[in-house]
Amino acid sequence: PTFRYFTWYTCMLGIIGCAIMMFLINAIYASASIAFMLLLLLLIHYLSPTSSWGYISQALIFHQVRKYLLMLDVRKDHIKFWRPQILLMVSNPRSSMGLVTFINDIKKSGLYVLGHVQLGDLSTLPSDPLQAQYDSWLALVDHLNIKAFVNLTLADSVRHGVQHLLFISGLGGMRPNTLVLGFYDDCLPKDKLIESSLSATESTDPLNPSQDFEQPALYRFAYLRGSSDRRDYGEFGDGKVLGPQEYVSIISDAMKMLKNVALARYFNDFDRAQVLLPSSLAKRVVYVDVWPVNLLRPDSCSYVDTCSLFLLQLACILNMVKAWRKATLRLFLCVEEGRSVKGSQAKLGQLLKDLRIKAEVHPVPWDQVVALHWQRQGGLGKNQGYQSPDSATDEMEASAIEEESEDDYVNSFPSNATRVSDDYLAAVNKLILDQASPPPAVRFLYLPRPPADTRRYATYLHQLDLLTQDLGPTLLIHGVTPVITTDL
């Protein structure tokens, strides 16, 4: 309502007048009344039950958020103020609790969006099937105590749904710059929501473990593939709703849209609370292993390209999170015979010093591994004569730098990775496993670009599968935009 003889001036004058009169009458009682009022407000704010008449705080927050979002100008973005803004695609929350909580740590103070694609056509449905799911997703966010938004979409394919979310997620200057996907493999998912709910039920009533358990709204998600309660077998007969071709196409689409990409594998058994036990209880140090080099191309052992620096940045951000602050970063430096190990280690150490990243540098000889690569087995071309190892290496590094130049078009993917043998990938996988003493909590690996030829997508996915076989929780990361600068 609009009052004819009322303005904020008169309201402020009344407040000041009342406060003065209170203290003139009795200063002690006035101070005690104000303190009691503040305490009552805090109790109501944190302990009050849900009401049906609305909250004025929501209206005030909406006004302030809208105003500051309009002030957040994307044209004023600068690399110095970059932060991870992540879109995590979740197929089914039942098996993704470990990954959801881990990405909540790695996003630190950035934007975090949980995305989900449901297959369907709205024109053939009586109503929007997504509206009934939002309560369950929001309850999941509250249950996991994470700071995330939820975006659901309906599409005819998972690929189109991910494109929709990459285009429209966020608002103004707060839009995802990094896409995180689960890894495409044949591992059967485990229902972590049921396990956590059963453990909670047992702890609340240990004397009656046989009581019937009813799922609250939090757990009303679809059954996992491979479970006895699930009737459909998916489009590909194994419960999956997308194939390897479409999966790699999603990765390629994200890179075309200049989004960083991370693939998460073996996070289905990741337990954050167990990993981050206090050192006095666990009697061990938590390690985070970083391999910031393209292991599929030993000729491009550069630690200063955009992707490697992005990988280092994410590892550093994880180490800055309060829960991970006592973790130790281990950076592995792949070296070959004939090269100065101390020189390479000193250069990398100086780079870490300039970037203010604390990490242990571990040189790793990998001559026997590199010998299995096709480039070292006469695959450099028939027209090339004999070259000394140093000159050949210099030429390969120069060609790698040229291919990784920022002036290259974003879709100019290297195609020679398709010639990598399974023996070489198995040797690289063994090399990574041999350095895991003690085993790390999580690994960060370099994610190569998909091949330009879409017919080789299955081969590309097969290579990633062999590379990360049995490595434990692993993030394959590819960065497409600069995130680190040493300029003031």
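1. A word on exposure to begin with: a residue is called buried under 20% relative accessible area, exposed over 50%, and partly exposed in between, using a 1.4 Å probe and protein chains only. By that scale Cys187 is partly exposed, because its relative accessible area is 34%.

2. Please keep in mind that this is a predicted model, in which local features need pLDDT of at least 70, side-chain atom pairs count only at pLDDT 80 or more, and totals for chains, interfaces and linings use all residues. Residues are numbered from 1 along each chain as its sequence is written, and side-chain values use heavy atoms, with hydrogens and water left out.

3. On to the cysteines. If a disulfide is taken as a pair of cysteine sulfur atoms within 2.5 Å, the count comes to zero disulfides. Cys18 is in no disulfide, and the nearest cysteine sulfur, that of Cys11, lies 9.8 Å away. Cys18 counts as exposed because its relative accessibility is 52%.

4. Now a helix pair worth a look. Helices here are DSSP runs (H or I, at least four residues), numbered from the N terminus. Helix H6 (residues 158-168) packs against helix H8 (residues 244-256) at an angle of about 20°, and their axes are 9 Å apart. That is why H6 is roughly parallel to H8, a label for angles under 35 degrees. The axes are lines fitted to C-alpha atoms over the stretch in contact, with angles from 0 to 180 degrees between N-to-C directions.

5. Which residues in H6 meet H8? They are Val158, Arg159, Val162, Gln163 and Leu166, and their partners in H8 are Glu246, Ser249, Ile250, Asp253 and Ala254; contact means heavy atoms within 4.5 Å. By class, this contact of H6 with H8 has five nonpolar, two polar and three charged residues.

6. Between helix H7 (192-204) and H8 there is a loop, and Arg225 lies in it. Is Arg225 buried or exposed? Arg225 is buried, because its relative accessible area is 19%. The C-alpha atoms of Arg225 and Asn92 are separated by 9.6 Å, although these residues are 133 apart along the chain.

7. Further along, the axes of helix H15 (residues 422-434) and H16 come within 8 Å and cross at roughly 35°. Asp422, Leu425, Val428 and Asn429 in H15 meet His462, Gln463, Leu466 and Leu467 in H16.

8. Finally, Thr459 lies in helix H16 (residues 457-467). Thr459 is partly exposed, with a relative accessible area of 33%. Its C-alpha atom and that of Val420, 39 residues apart along the chain, are separated by 9.8 Å.

Terms used
Helices (H or I, at least four residues) and strands (E, at least two) are DSSP runs, numbered from the N terminus. Angles under 35 degrees count as roughly parallel, over 145 as roughly antiparallel, 65 to 115 as roughly perpendicular and the rest as oblique. Ala, Val, Leu, Ile, Met, Phe, Trp, Tyr, Cys and Pro count as nonpolar, Asp, Glu, Lys and Arg as charged, and the others, Gly among them, as polar.
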